[in-house]
Amino acid sequence: MAHAYLKPVQTGAAKSSLTPCILDDDPAQLEMLAELVSSMGYEPVLTSNPAEALKLVQYGRCRLVLADVHMPGMDGYQFLDQALHCDPGLHVIIMTGEYTLDSALEAVRRGATDFLPKPIDRARLKRTLDDVAALYDQRRRVRELEEQLLKDLEFHGIVGKSPVMLEVFDFARKVARHYTNVLLIGATGTGKELVARAIHQISPVSQQKLAVCNCSALVDTLLESQLFGHLRGSFTGATDTRPGLFEFANNGTVFLDEVGETSLPMQAKLLRVIQNREIQRVGSPEVRQINVRLIAATNRDLRAEVLAGRFREDLYYRLCSIQIRLPSLTERLEDIPLLVQFFLKKYNDAYGKTISGLTRRAQAVLLQHAWPGNVRELENVISSACITTGGDFIDLADLPEGLQHRGPRNADGDDWRPLSLEEMRKAHIHRILDMCQGNRLRAAQVLGIGRTSLYRYLKDGSEEKLKATKFGQATVSAPIVLS
Ligand SMILES: Nc1ncnc2c1ncn2[C@@H]1O[C@H](COP(=O)(O)OP(=O)(O)O)[C@@H](O)[C@H]1O
Ligand SMILES: [Mg+2]
């Protein structure tokens with residue numbers, strides 16, 4: 001049976017996508033080579049400037065370079081080194097008038113695809129170009145298959161192909177039919193909210209409402225009124241009577257995000273909802289019955305919180321009977337290319353761009369990063385790179401400062417400085433704040449500290465240092481950013 005992907009190579013298509021770059025300082029040679037390469041069905045780009053050829057490589061315009069050895073400014077070998085550093089998958093064919101076996105071996109050892117004596121043998125050059133074109137065509141077809149795979153591997157907008165994520169999808173699918181309470185645990189940015197939405201979508205109550213509440217974003221009184229509703233005049237500012245989210249989503253689902261941040265009194269109220277399925281609006285004696293499914297999420301270790309006396313044990317046991325743990329991004333590095341592809345498509349569409357991918361060195365850097373902000377951080381990196389990049393490919397310079405210096409060449413820490421612990425803490429806090437786009441609440445979550453501590457550290461670093469430390473805890477005056 002004939003499979004689409006087993007069709008013979010479409011040499012025409014392959015040839016047009018190869019775009020060889022011819023680099024030679026001699027205009028007569030350039031012209032002669034251009035004619036030769038064109039006669040083989042390729043459309044070459046010509047340049048006598050090695051820096052310009054490097055740019056073409058960097059932005060993925062040319063997948064193959066025919067480079068002369070003797071050029072002013074940079075010789076063919078230096079060019080080879082730099083070009084391969086930009087794109088280790090690049091094909092470079094070195095041409096020379098002084099062919100020796102030793103120099104040919106040296107070129108191949110340094111990563112050249114071939115080494116051709118001048119004058120160029122037509123048949124030999126054609127064979128090399130056709131081989132490389134066939135290889136690229138094969139890669140293109142693999143990419144097409146991967147795109148198809150991406151569609152198949154999406155689970156309600158959640159992308160993943162790693163065994164740990166496939167397990168999450170499988171378990172979520174199973175529990176969605178039957179649960180009344182589910183607890184999602186995992187670090188910030190691992191996709192807890194996405195999974196909560198997916199569970200609601202698959203559940204038998206998908207036609208009913210889903211109410212989302214971020215428990216850490218509100219002070220207790222506001223949180224209580226948001227969840228349970230209030231009567232007019234029950235507190236200052238309560239100018240009307242309002243139902244809360246539990247009533248709003250009655251017969252549907254309530255998602256309580258960051259449930260580990262709630263106070264003990266609030267936990268008692270949540271326990272009552274779970275145990276008795278009843279609520280009271282703030283200021284009202286009336287008890288109302290509600291019927292909601294509850295999904296709670298936290299990035300804290302709730303068992304440790306129980307031991308520390310910050311979380312009610314009875315509520316913990318009620319919540320954790322069904323738990324889904326979202327793995328951190330570094331536990332599933334194999335998902336990164338797929339996620340990158342997914343976000344590229346999303347932001348290409350959003351910004352009207354046609355970026356085709358990342359240069360290899362940019363890809364390598366993504367695989368080496370520690371990703372404290374997990375998938376959210378990766379999404380931010382790709383979306384801002386989509387804005388800044390001018391070419392078809394996202395390169396190192398389009399990535400945030402903190403990532404750029406993590407390539408293999410800098411693995412030993414070229415930019416290492418003997419910082420004090422205090423300076424290190426300050427730099428780290430600012431880096432995480434940048435990553436969270438200034439959202440202090442998120443930053444505190446990523447850093448694993450309370451909001452108040454974050455404000456204190458920030459204040460410690462500022463000119464208010466003297467004032468802040470003398471009188472115990474600094475007061476929280478900065479605005480809270482809701483997300
Ligand atoms: N597996 C995934 N596939 C696609 N997008 C994801 C995935 N995981 C997280 N995201 C995206 O990352 C961001 C953070 O996800 P979110 O569910 O809010 O994480 P959490 O609630 O765990 O902090 C969102 O923009 C979300 O769309
Ligand atoms: Mg969240």
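Me: How do H7 and H8 pack, in terms of angle and distance between axes?
Reply: In this predicted model, helix H7 (residues 163-178) packs against H8 at an angle of about 40°, and their axes are 8 Å apart.

Me: Would you call H7 and H8 parallel or oblique to each other?
Reply: They are oblique to each other, because an angle has to be under 35 degrees to count as roughly parallel. The crossing of H7 and H8 is right-handed.

Me: OK, and what about H9 and H11, at what angle do they pack?
Reply: Helix H9 (residues 220-228) and helix H11 (residues 264-276) pack at an angle of about 15°, with 10 Å between their axes, and that makes H9 roughly parallel to H11.

Me: Switching to the ligand, which residues are closest to ligand 1?
Reply: The closest are Val159, Gly191, Lys192, Glu193 and Val375, out of 16 residues that surround ligand 1.

Me: Which domains does the shell draw at least three residues from?
Reply: It draws at least three residues from each of domain 2 (158-325) and domain 3 (329-410).

Me: Now the sheets: what is the order in the one with E9?
Reply: That is an open sheet of 5 strands with parallel pairing, in the order E9-E12-E15-E8-E16. Strand E9 (210-214) and strand E16 (323-325) are the edge strands, each pairing on one side only, and the twist averages 15° from one strand to the next.

Me: How many bridges join E9 to E12?
Reply: E9 and strand E12 (residues 253-257) run parallel and are joined by 5 bridges; as an example of the pairing, the bridge partner of Val212 in E12 is Phe255.

Me: What about the sheet with E2, which strands are at its edges?
Reply: The edge strands are strand E2 (45-47) and strand E5 (114-117), each pairing on one side only, in an open sheet of 5 strands with parallel pairing and the order E2-E1-E3-E4-E5. The twist in that sheet averages 20° from one strand to the next.

Me: Which residue in E5 is the bridge partner of Thr96?
Reply: It is Pro117, and strand E4 (residues 91-96) is joined to E5 by 4 bridges, with the two strands running parallel.

Conventions. Residues are numbered from 1 along each chain as its sequence is written. Chains are lettered from A and ligands numbered from 1 in the order in which they are written. This is a predicted model: local features need pLDDT of at least 70, side-chain atom pairs count only at pLDDT 80 or more; totals for chains, interfaces and linings use all residues. Two strands pair if DSSP finds at least two bridges between them. Axes are lines fitted to C-alpha atoms, for helices over the stretch in contact, and angles run from 0 to 180 degrees between N-to-C directions. A residue is near a molecule or strand if its C-beta atom, placed from the backbone, lies within 6 Å of it. Domain bounds come from an automatic or database domain assignment. Angles under 35 degrees count as roughly parallel, over 145 as roughly antiparallel, 65 to 115 as roughly perpendicular and the rest as oblique. A crossing is left-handed if the near helix is turned anticlockwise from the far one by less than a right angle, and right-handed if clockwise.
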